[in-house]
Each structure stands twice: as C-alpha cells, then as structure tokens.
Amino acid sequence: MNKGKVDVLLGLQWGDEGKGKVVDVLTPDYDVVARFQGGPNAGHTLEFDGQKYVLRSIPSGIFQGGKVNIIGNGVVLAPDLFMNEAKELEKSGHPLKDRLLISKKAHLIMPTHRLLDAAQEALKGKNKVGTTGKGIGPTYTDKVSRNGLRVGDILEDFEEKYQAHKARHEQMLKALNYTGYDLAETEQKWMEGIDYLRQFSLVDSEHEVNRLIYEGKSILCEGAQGTMLDVDFGSYPYVTSSNTVCAGACIGLGIAPNKIGNVYGIMKAYCTRVGSGPFPTELFDETGDRIRNIGHEYGAVTGRERRCGWIDLVALRYAIMVNGVTQLIMMKSDVLDGFDTIKACVAYQQGGKKIDFFPYDIEENIEPVYEMLPGWQVDMTQMTCEDEFPEAFKNYISFLEEHLETPIKIVSIGPDRSQTIVRN
C-alpha cells in the first residue's frame, strides 16, 4: 500500500478469478475502493459471517464502514439492476448512500441496449461471442460513437434525452428485423432505478479521486472480468467491450499513469472461462468436470457452467507483462487438494513450432505443452499459515514464481474471508 499512490487489483485470466473476496480482504488497509470499468455482467462474490453476497456494479469495499466507494466513469450502469443490488445491501444493514459516489460520466445501460445485445448476438449464429445479454457491448458502442446517455444526464431534461436515444435504438432494432418486444415493464422498473440513482452523490469522479490522492489517501482500484477478456489484448473477438487491464484504471477513473503503485494480479491455481472463445488448456474429460464440481465453477451472475482447464503460464506471463503486475494472488488452491498430479502449460505448440509467447491468434492449431507436478493430496482449507503448507504445494508455488518471475503474495484456500494466507 502506497500513500499518494493508487494500487490496482485485477484478474489475469478469463475473469472469475475471485477478485471480490480479495478486495474484501485488502480493503481494511485502504481508505477508498474504486471500480474502473465493466458493468453488471461481472459478479464479485464475497462470503463472510455465514452470508454470501454477489456485487455486480458496487465496489467490494462497501462492507467496510468508513470507506469511500466510487463507481468510476469507465463503468456502465444499469439503473434497475443497480437499484436491486443496492436495496439488497441496504436491507442486510450496509448503508450505501453515505458510502458510495457515482461518476456523472459513467454511461447508462438502457432497456433498448439489452434488446440490441440480443438482436446482434442472434445475427452472429454459431459465431456468437456468448455475451451475458446485459446490454454492455451496445452501451460501450454508443459511448465510443458519441451517442451515449450518461449518469449526469439524469439531472436535467432527462425524459427528452431518453426518448431521443430510445427512438434511435428502435430504428436500429427495426433494421435488424428484431420486433415483437414489449418494453413497458422493463422501462417502468428502469425509470424507478433512475429516481433511485438521483438519491446518491453524483460527482465528477476524476476530481474526487485526484483530491483523495493529493490528500494522501490510500486507494484501491478494482477491475472487473479478466485480462484475457480485454478488448485490445484479450482473445478478440471473444472479449468484453472495455479495457480490463491496468491502463483501464487510468482511463476509467481519470488517474495519471505515474500515480499507479502496486498492481495485484489475481489468478486461480487452474484456469476457467465462461462463454465462447479459445481456451488452450481446456479439459473435456472427467478431470475438467471434477475441477468444476469441487470449485463450484458456475457464473455468479449467469449461473452458466464455466469451462475448466489447467493453469496456462504462457497466457499468465502475457497478462503480467501488459499489466505490470508487482504481486500475484493465487485463488482456489484448495480445489486441487485431492489430485495425484497437477499439470501446468509452459509453452504452446503451433504449426509444428514450440512458442513461449502469447500469439495474435490462439483459436487455431494451439496445443498446450505441459509440465507435470506431484499433487499434495492434503486438505488445506483449515490451515492458518504458510508453514503448514505441504511440501508439494510449496513446490508448486516455487514452480509458478520461477516461471512467472513475480512473487505470489497471497494464497486463498477457501471461499471465506478467513481462509486467506499472506505469505512472508
């Protein structure tokens, strides 16, 4: 943690690495938690005191009293979904209105964005990306094409602006032959969400964040999804619509690059992916099923089965490079507790050549090259310090650190906040 610097926490794989839990573990050391990109397609699951919470748009620091939480300009916000999420949290005794600031420059996901999402995905047929259908892509498309509706727009002449944007979307839906929908119910709930949103502190978040940096406050920036879903550096076109990498924190909050301090990269001890797209180490056998079942690998928001495979060190080295990761955090180590042998992909075989870098196209002719390591076959879920780790697990950590040239600072051995071991 650096005073006057901003630390960034992000996923290094295809999302679902366990960022929510880590933010919750780290937030006691920070004054501010800020979310910098993505929308309600990403769910961060936190478990503590026997309760389970799934956050979609609200920063994970919301459970710590006295922290400032910020939804930055890089986020896209669905007012109806935000309202549902916030009211659930308030019901469970977490006051939001005095803890949460929302950027006026964040873009709004309209009900018609969801229809456009469905229409465009239907057109792609077998080439579909596998979106969550939450309207994220069309909202970012509007933003980039300078047609977006922003949170700040709800403060003045909103109805007029809304109707103009809706009419434009309906023309697009007509051109896509997507008709027969009924917006009435969704729209009513959405407008309730707009009224609810007006009860919050709507701010110019770039001024707020930089004022907090100037005051020497410690700030943690929270990313959604994972590096391999980044619109520029991920497995395009099977990616999300925003920059999930560290640079996204600068753009999504208005922070200068020289203000970035530590970059925490989160990874699982294995690998998962949701939806379509290439996944070199994917397992189609009972080992993959076993990892999925032990790890409860189902989407926090969608409930979809996650595809499972061994850890991919080629992709991880790439993610560490583009993010400038300073410390690694390894999640779900306990899921591998019962395996005789653990595999790690150290290179790819492509077109008869062995390569150790992440290529332009990983969709065609990629074969993972594995190294085998002995499993530890010990239940680690009750362990309280790294001295208790079995030798084979210590060797697995050393092997990963050597290949990734980055220290593994924190190891998670279960879903609860308490099942987290900080290494010396």
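Which side chains does a polar contact of 3.2 Å join? I began with this question and found T420 and K21. The model is a predicted one, and my entries below follow what I looked up in it.

**Entry 1: T420**

I placed T420 in strand 20. T420 counts as buried because its relative accessibility is 17%, and the limit for buried is under 20%. Besides the contact with K21, I noted that the T420 side chain reaches the backbone oxygen of R417 at 2.8 Å. I then listed what T420 touches, leaving out residues up to four places away in sequence, and got K21, V25, I410 and V411.

**Entry 2: R423**

I went on to R423, which is found in the segment after strand 20 (420-422). Is R423 buried or exposed? I recorded R423 as buried, since its relative accessible area is 16%. I looked for polar partners of its side chain and found two. One is the side chain of E401, in a polar contact of 3.0 Å with the side chain of R423. The other is the backbone oxygen of I408, which lies 2.8 Å from a polar atom of the R423 side chain. With neighbours within four places in sequence set aside, I find R423 in contact with E386, I397, E401, I408, K409 and V411. V411 is also on the list for T420.

**Entry 3: domains**

I checked how the protein chain is divided. Domain 1 is 5-103 + 203-264, domain 2 is 107-198 and domain 3 is 267-422. I noted 23 Å between the C-alpha centres of domain 1 and domain 2. To the contact between these two, domain 1 gives 28 residues and domain 2 gives 22 residues.

**Entry 4: nonpolar cores**

Which residues touch the most other members of the largest nonpolar core? I found Y396 and L400, in a core of 59 residues. Helix 11 (residues 391-404) supplies the largest share of this core, seven residues. I also see that domain 1 and domain 3 each contribute at least three residues to this core. For Y396 I wrote down the contacts beyond four places in sequence: A269, I311, M330, L336, I342, L373 and W376. I then noted a second, separate core of 29 residues, with L149, Y162, W190 and L197 among its members.

I took helix 6 next, residues 184-197. Helix 6 has 14 residues and reaches 20 Å from its first C-alpha to its last, close to the 20 Å expected at 1.5 Å a residue. I listed E187, W190, G193, I194, Y196 and L197 as buried in helix 6. Of these, W190 and L197 are included in the second core.

Helix 3 covers residues 111-124 and has 14 residues. I recorded a reach of 21 Å between its first and last C-alpha, close to the 20 Å expected at 1.5 Å a residue. The buried residues of helix 3 that I noted are P111, T112, H113, R114, L115, L116, D117, A119 and E121. Which elements do the buried residues of helix 3 pack against? I found helix 2 (79-91), strand 8 (107-108), helix 4 (136-144), helix 5 (158-175) and helix 6.

**Entry 5: D16 and its annotation**

I consulted the UniProt record, an unreviewed entry, which places the feature "binding site" at D16 and G43. I located D16 in the loop between strand 1 (6-11) and helix 1 (19-26). D16 counts as partly exposed because its relative accessibility is 27%. Not counting residues up to four places away in sequence, I see D16 touching K268, T272, V274 and R306.

I found G303 in the loop between helix 9 (286-294) and strand 13 (307-309). G303 is partly exposed, given its 46% relative accessibility. I placed E305 in the loop between helix 9 and strand 13 as well. Setting aside neighbours within four places in sequence, I recorded contacts of E305 with R292, E297 and Y298.

Definitions and conventions: Residues are numbered from 1 along each chain as its sequence is written. This is a predicted model: local features need pLDDT of at least 70, side-chain atom pairs count only at pLDDT 80 or more; totals for chains, interfaces and linings use all residues. Side-chain values use heavy atoms; hydrogens and water are left out. Helices (H or I, at least four residues) and strands (E, at least two) are DSSP runs, numbered from the N terminus. Buried means under 20% relative accessible area, exposed over 50%, partly exposed in between (1.4 Å probe, protein chains only). Contact means heavy atoms within 4.5 Å. A nonpolar core is a set of buried Ala, Val, Leu, Ile, Met, Phe, Trp, Tyr and Cys residues joined through side-chain atoms within 4.5 Å. Domain bounds come from an automatic or database domain assignment. A polar contact is a pair of N or O atoms within 3.5 Å; within protein, one must be able to donate a hydrogen and the other to accept it, and residues adjacent in sequence count only if both atoms are side-chain atoms. The expected span of a helix is 1.5 Å times one less than its number of residues. UniProt positions are given in the numbering used here, feature names are shortened, and annotations may be inferred rather than shown by experiment.
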